[in-house]
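Please open the structure in your viewer and keep the sequence beside it.

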Amino acid sequence: MTGLPQPLLPVRQRTGWSASLAQAIRNSADLLAALGLPREIHEQSPSGEAEFPVLVPQSYLARMRPGDPLDPLLRQVLPLAEEGVDVPGFLPDAVGDESSRKAPGLLHKYRGRALLVTTGACAVHCRYCFRRHYPYQQEPRRLEDWEPAFEALAADESIHEVLLSGGDPLMLTDARLASLIERLEQIPHLRRLRLHSRLPIVLPDRVSEELLQLLSSTRLTTVMVVHANHPQEIQLDCADALSRLVRHGIPTLNQAVLLRGINDEEDVLAELCERLIDLGVLPYYLHQLDRVAGAAHFEVPVEQGRELVAALRRRLPGYAVPQYVVEIAGEAHKTPL
């Protein structure tokens with residue numbers, strides 16, 4: 001993936017979360033070696049890892065079970081030969097991003113809100129990522145390149161909320177993120193700012209005091225949407241990062257994706273929801289897999305998903321049960337299942 005808005009600092013100058021990112025694992029051989037697994041379990045697709053390379057932070061690695069080739073965190077990030085299988089109905093642009101692009105970096109799908117693709121960079125490369133084929137090289141990098149998007153937002157008074165996405169918006173430095181937020185604050189009819197980020201889960205030290213101050217000091221009501229799929233992710237420094245977001249008064253929601261062999265069991269989903277609720281994080285959505293090319297092996301049948309959510313309703317309080325939804329390109333909202 002490409003599209004960092006500014007160069008990373010040299011390794012010797014990095015501190016905090018950027019230093020942690022510099023230590024991330026960047027190929028499948030090192031990932032398997034770190035877990036004491038033989039390379040033979042990894043059947044790589046001919047182009048999968050070259051086109052969409054491995055990226056796994058050490059914090060996320062530390063939550064994987066050594067010696068277990070079926071570890072649910074490992075399965076989310078390890079390239080497999082199935083990625084190279086062409087499956088009908090699985091497309092490069094599974095959710096209609098291209099048709100909703102209204103200006104460089106600006107996607108407008110739903111009434112009242114619009115999305116900025118702030119960067120193509122992430123701290124982890126999830127193999128089911130619905131934007132793994134997105135043309136990030138076409139999107140703005142310098143703040144001045146965003147002006148057409150800001151002008152489009154300013155011209156549409158029906159838009160009250162802006163989503164920062166990517167890639168991952170928390171891959172921006174605090175200074176770059178602050179500049180972006182300050183520019184959005186100048187648009188009078190904008191009231192809410194929503195960040196969709198995997199970093200509090202996979203690179204928890206990104207949730208620094210400086211970031212928390214930035215997000216809690218803007219005039220815009222700030223909402224953080226994180227992405228955890230398995231209860232094994234919600235522990236150690238990740239649990240602490242989520243707690244700090246909540247304690248700073250930032251409403252924090254979780255979106256999970258239903259993934260075959262990872263969280264397609266009642267007990268797993270129930271424990272995920274309970275761990276989140278115990279930290280003050282609301283289980284928001286359980287997504288049916290976006291049908292992106294290379295991810296068909298993760299798909300769970302919709303009927304099985306419905307049965308799982310029905311089981312959660314019998315087992316958990318209503319506020320702890322996520323909405324089971326799918327995104328259909330061209331529809332005016334997420335579609336409940």
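Begin by colouring the predicted model by confidence. The mean pLDDT of the protein is 92, and 93% of its residues reach 70 or more. Next, select residues 1-13, where pLDDT stays under 50. For this stretch the model has 25 contacts beyond four places in sequence. Where pLDDT is low, the predicted coordinates should not be read in detail.

Now display the strands. Ten of them, in the order β1-β2-β3-β4-β5-β6-β7-β8-β9-β10, form an open sheet with mixed pairing. Strands of a sheet pair through backbone hydrogen bonds, either parallel or antiparallel. Which strands lie at the edges? They are β1 (101-103) and β10 (335-336), each of which pairs on one side only.

The last stop is helix α10, residues 236-247. Its 12 residues reach 17 Å from the first C-alpha to the last, close to the 16 Å expected at 1.5 Å a residue. Show the side chains of its buried residues: Cys238, Ala239, Ala241, Leu242, Ser243, Arg244 and Leu245. What covers them? The cover includes α8 (199-202), α9 (209-217), β6 (221-226), β7 (252-257) and α11 (266-278). Finally, select Gly249, which follows α10 and has a positive phi, near 80°.

Technical notes. Residues numbered from 1 in each chain as written. Heavy atoms only, no water. Pairing = 2+ DSSP bridges. Helix = DSSP H or I, 4+ residues; strand = E, 2+ residues; numbered from the N terminus. Expected span 1.5 Å × (residues − 1). Buried < 20%, exposed > 50% of the residue type's maximum accessible area, 1.4 Å probe, protein only. Contact = heavy atoms within 4.5 Å. pLDDT = per-residue confidence, 0-100.
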